[in-house]
Amino acid sequence: MENRLNLYNTRTRTVEPFVPRVDGKVSMYTCGPTVYHYAHIGNLRSYIMEDVLEKFLRYLGYDVTRVMNITDVGHLSSDADTGEDKMLKGARREKKTVLEIAAFYTDAFFSDCEKLHIKRPDVVEPATHCIDDFIRVISGLLEKGYAYEAGGNVYFDTSKLKEYYVLSNQKEEELAVGVRDSVEEDPNKRNKTDFVLWFTKSKFEDQELKWPSPWGVGYPGWHIECSCISMKHLGGYLDLHCGGVDNIFPHHTNEIAQSEAYLGHEWCRYWFHVLHLVDGAGKMSKSKGDFLTVSLLEEKKYQPLAYRMFCLQSHYRKPLEFSYGVLDNVAQAYAKLTARTRSLPEEGELDQQGIASFKEAFITALGNDLNTSSALTVLYDVLKSDLNGSTKRWLVEDFDRVLSLGLLDEEEAPKADAELEAYVLERIEARKAAKKAKDFALADSIRAELLEKGVAIKDTREGTVWELV
Ligand code: AMP
Ligand code: ZN
């Protein structure tokens with residue numbers, strides 16, 4: 001197949017032509033969520049951009065197989081094997097079992113994905129379903145001398161590798177910072193960078209899920225999950241591995257170490273990483289108390305797809321700053337855009353030349369390291385062009401196979417429910433009374449409060465009317 005995609009590869013630190021191992025076929029792996037809580041919209045930025053990448057590959061004609069794990073065991077509070085298992089923390093918080101928590105937040109994750117038009121990967125595999133696979137690979141690593149047992153745990157020996165930091169140019173002295181959070185010394189480790197493949201002894205005895213293994217009853221480390229689940233479904237060669245930028249070290253670095261030690265050859269050619277969504281205080285994270293979810297955006301009357309558009313407007317390799325002000329602008333632009341695309345008339349013959357030239361521009365934009373904002377510009381160019389209605393409609397539908405903004409869907413605008421309507425009418429009455437009493441400050445604050453809830457009011461000769469914005 002002709003190569004039309006140039007993509008930044010974290011492994012080589014350059015933008016390279018994307019050429020899968022087998023012509024026309026792409027094997028793609030994505031680190032899935034740790035299902036101890038809702039996904040925040042930062043997590044979902046990564047999944048949205050990975051979704052665009054997958055859909056663009058399909059658009060180009062590749063036969064893509066995409067696999068995602070669900071982390072339901074083994075991911076500790078710090079990515080560097082310290083702290084408590086996140087799942088256990090979630091279970092305790094909600095007084096439920098780990099498996100109940102996992103089932104609930106896995107469903108919540110896919111429901112968010114659906115709202116954001118993120119396609120479900122071809123294979124979704126929870127880590128707890130693959131214990132035998134982990135044991136087999138860990139046994140292989142022990143046999144080959146890449147792993148050792150100490151203090152009841154099994155560790156990967158990073159000193160056995162020619163090069164460990166293949167993805168990041170971490171320096172030893174930076175590592176203390178790199179490992180971040182709580183850096184606790186583990187006296188069992190032979191080298192600072194060694195990591196746990198299998199835990200039997202840990203600081204918390206009450207780990208809920210445990211399995212028998214040749215090394216005692218215990219549970220797997222987080223990193224081994226992804227290597228094994230990928231190999232189980234996609235074999236020993238992977239074309240493309242995705243994740244958020246925080247996964248580069250230590251998670252993906254460790255995945256490469258153990259996979260290549262086990263396989264004896266290069267495992268994955270292309271590494272795709274999405275930069276973070278940040279708020280004023282830095283990286284969005286679940287440990288920071290209140291965090292932004294899709295449901296919260298919906299409560300504030302934003303359409304989830306407006307958030308998808310917010311993400312598409314910026315490049316995945318730049319941090320993206322979240323603010324309601326910008327989201328408001330994007331939500332307005334999204335409403336205008338969909339009003340235009342959905343009302344495009346079916347009129348005229350398809351203009352094949354027009355189709356070919358705009359398709360070419362669209363592919364060139366996305367082929368340039370997935371430049372989604374340029375792709376949106378091409379969409380606007382189509383709408384501004386003098387092509388006939390049918391041709392525009394055809395192109396909008398075609399581009400939406402990748403953008404997935406619901407551009408031709410039936411009206412998706414949220415209908416005001418009875419409760420909201422009653423509330424708005426009551427506030428409008430209160431504003432009227434305030435104006436009558438010449439309390440204009442109060443009247444203005446009622447208008448502002450409604451606007452914050454997504455309701456715009458307008459005074460007309462017939463009285464005050466309102467609409468959702
Ligand atoms: P987790 O559920 O914590 O394992 O994270 C799921 C995915 O979200 C991973 O690919 C992370 O790298 C990614 N991620 C975490 N925080 C952010 C953020 N603030 N912005 C974008 N992606 C993120
Ligand atoms: Zn992973």
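Val67 sits opposite Val123 of strand β7, in a pairing where β4 (residues 63–70) and β7 run parallel and share four bridges. Strands here are DSSP E runs of at least two residues and helices are H or I runs of at least four, numbered from the N terminus; two strands count as paired if DSSP finds at least two bridges between them. The model is predicted, so to speak: local features need pLDDT of at least 70, side-chain atom pairs need 80 or more, and totals for chains, interfaces and linings use all residues. Residues are numbered from 1 along each chain as its sequence is written, chains are lettered from A and ligands numbered from 1 in the order written, and side-chain values use heavy atoms, without hydrogens and water.

That pair belongs to an open, parallel sheet of five strands, ordered β7-β4-β3-β12-β13. β7 (123–126) and β13 (268–274) form the edges with a single partner strand each, so one side of each has no neighbour in the sheet. Strand-to-strand twist averages 20°. Helix α1 (residues 41–60) packs on this sheet, touching β3, β4, β12 and β13 (contact: heavy atoms within 4.5 Å), at about 160° to β4. Helix α6 (residues 222–234) lies across β3, β4, β7 and β12, at about 145° to β4. Such angles run from 0 to 180 degrees between N-to-C directions, with axes fitted to C-alpha atoms, for helices over the stretch in contact.

Then there is β9 (residues 153–156), covered on both faces: Asn153 and Tyr155 on one side, Val154 and Phe156 on the other, are all buried (under 20% relative accessible area, 1.4 Å probe, protein chains only). Tyr155 is the bridge partner of Tyr148, and Val154 stands opposite Trp198 in β10.

Note on methods. Buried < 20%, exposed > 50% of the residue type's maximum accessible area, 1.4 Å probe, protein only.
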